[in-house]
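Have the structure open while you read, and take the points in order.

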Amino acid sequence: MRDRESDGRPGIPSGASPQGNGLLDLNLLRTFLAVYRAGAFTAGARVLGLSQPTVTTQIRSLETQLGRELFERLPRGVAPTPFADELAARVLEPLDALGPIGGGALLGEGEAEPVHLAGPAEYITHCVMPTLAPLVDKGVRLRIAFGLTDDLLDGLRAGRHDLVMSTLRPRGRALASVPLADEEFVLVAAPSWADRIGSRLATEGPAALHAVPLVSYAEDLPIVRRYWRHVFGRRLTCRPTVTIPDLRAVREAVVGGAGFSVLPRYLCADDLASGALVLLNDPDDPPINTGFLVQRPGASTNPHVTLVRDHLLRSARDD
């Protein structure tokens with residue numbers, strides 16, 4: 001582990017040799033942190049609302065003051081040096097506590113920028129959008145994007161999103177996350193298939209489903225494999241008969257009698273209540289996945305980002 005002892009100057013890792021009085025410009029540190037989190041000068045400039053040449057100049061100025069290289073320039077983006085990792089660890093919390101420094105003006109008089117919110121299409125469609133109507137009525141503008149968690153988190157680091165609904169907790173300290181809601185996964189089929197399976201699942205275990213078509217949203221069956229491991233304690237051996245890259249379409253196919261699947265309960269709760277789908281198994285300990293609301297640490301220059309974040313957290317607690 002690298003030595004992180006202070007040399008007596010706040011925010012400066014040991015071994016640094018700043019020129020002048022040893023105090024670093026907070027704006028330069030803020031620029032450094034934006035580039036560090038985004039992984040590129042251009043993406044960091046977009047986060048700060050600055051031009052890319054300005055950000056490049058500020059990083060070079062900071063490197064000159066410290067007498068150390070902070071980033072290795074790559075064909076695409078930059079990679080932090082070990083010294084930059086150490087500096088980020090020292091200044092991240094103090095700078096985030098100070099909030100945005102200089103810049104981030106709002107669009108128009110009293111008009112905030114749109115809030116860029118991203119996450120899984122199914123969850124945002126069914127669980128998030130119905131709760132945001134009151135904010136839209138108050139003048140909040142939204143830009144919604146769908147995608148896979150890893151891609152969305154990369155977009156958050158690059159400044160393309162303000163908030164991301166993530167199916168996993170991001171690693172490291174570059175992003176701040178808070179648990180939002182738990183989703184339960186259920187094994188379901190249409191009544192016609194449930195009648196044919198009958199009580200065989202209880203006596204034969206998952207082998208009872210080998211002759212039933214499996215509908216999944218991906219060829220590698222991540223949700224179904226997790227259910228098999230968690231509930232049945234064994235490896236999934238069957239292959240999907242139908243794959244559709246949208247859980248809403250998977251649900252429609254299963255309701256239509258295409259086979260069985262594992263779905264989030266929130267997505268099929270109405271179908272289970274109406275009888276359009278049947279719960280094939282009801283374990284005492286069903287698989288649960290925790291979703292997280294993720295953003296870059298620190299106060300946003302857009303007050304509506306905080307408004308949306310707090311509203312989503314409140315709504316999740318009230319459910």
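1. Let's begin with strand 5, residues 163-166. Which way do its side chains point? L163 and M165 point one way and V164 and S166 the other way. In a regular strand, side chains alternate between the two faces of the sheet. Here all four of these residues are buried. Keep in mind throughout that this is a predicted model.

2. Now for the strands that pair with strand 5. Strand 3 (residues 115-119) runs parallel to strand 5, and two bridges join them. If you want a spot to look at, A118 stands opposite V164 in strand 5. Strand 11 (residues 288-295) is joined to strand 5 by three bridges, and that pair runs antiparallel. There, M165 stands opposite L293 of strand 11.

3. Is S166 buried or exposed? Its relative accessibility is 3%, and buried means under 20%, so S166 counts as buried. A polar atom of the S166 side chain lies 2.5 Å from the backbone oxygen of L168. Leaving aside neighbours within four places in sequence, S166 is in contact with T149, L153, T290, G291, F292 and V294.

4. Next, have a look at the largest nonpolar core. Which of its 33 residues touch the most other members? They are L187, L201, L209, W228, F260 and L280. The elements giving two or more residues to this core are strand 6 (176-189), helix 7 (191-197), helix 9 (222-232), helix 10 (247-255), strand 9 (260-264) and helix 11 (265-274).

5. What does L201 contact once neighbours within four places in sequence are left aside? The list is L187, P206, A208, L209, F232, L280 and N281. Apart from this core lies another one, of 24 residues, including L33, F41, F71 and A88.

6. Buried or exposed, what would you say for R239? Its relative accessibility is 69%, and exposed means over 50%, so R239 counts as exposed. R239 and E219 are 20 residues apart in sequence, and their C-alpha atoms are 7.9 Å apart in space.

Terms used: Residues numbered from 1 in each chain as written. Predicted model: local features only at pLDDT ≥ 70, side-chain atom pairs only at ≥ 80, totals over all residues. Heavy atoms only, no water. Core = buried A, V, L, I, M, F, W, Y, C linked by side-chain atoms within 4.5 Å. Buried < 20%, exposed > 50% of the residue type's maximum accessible area, 1.4 Å probe, protein only. Helix = DSSP H or I, 4+ residues; strand = E, 2+ residues; numbered from the N terminus. Contact = heavy atoms within 4.5 Å. Pairing = 2+ DSSP bridges. Polar contact = N/O pair within 3.5 Å; in protein donor to acceptor, adjacent residues only side chain to side chain.
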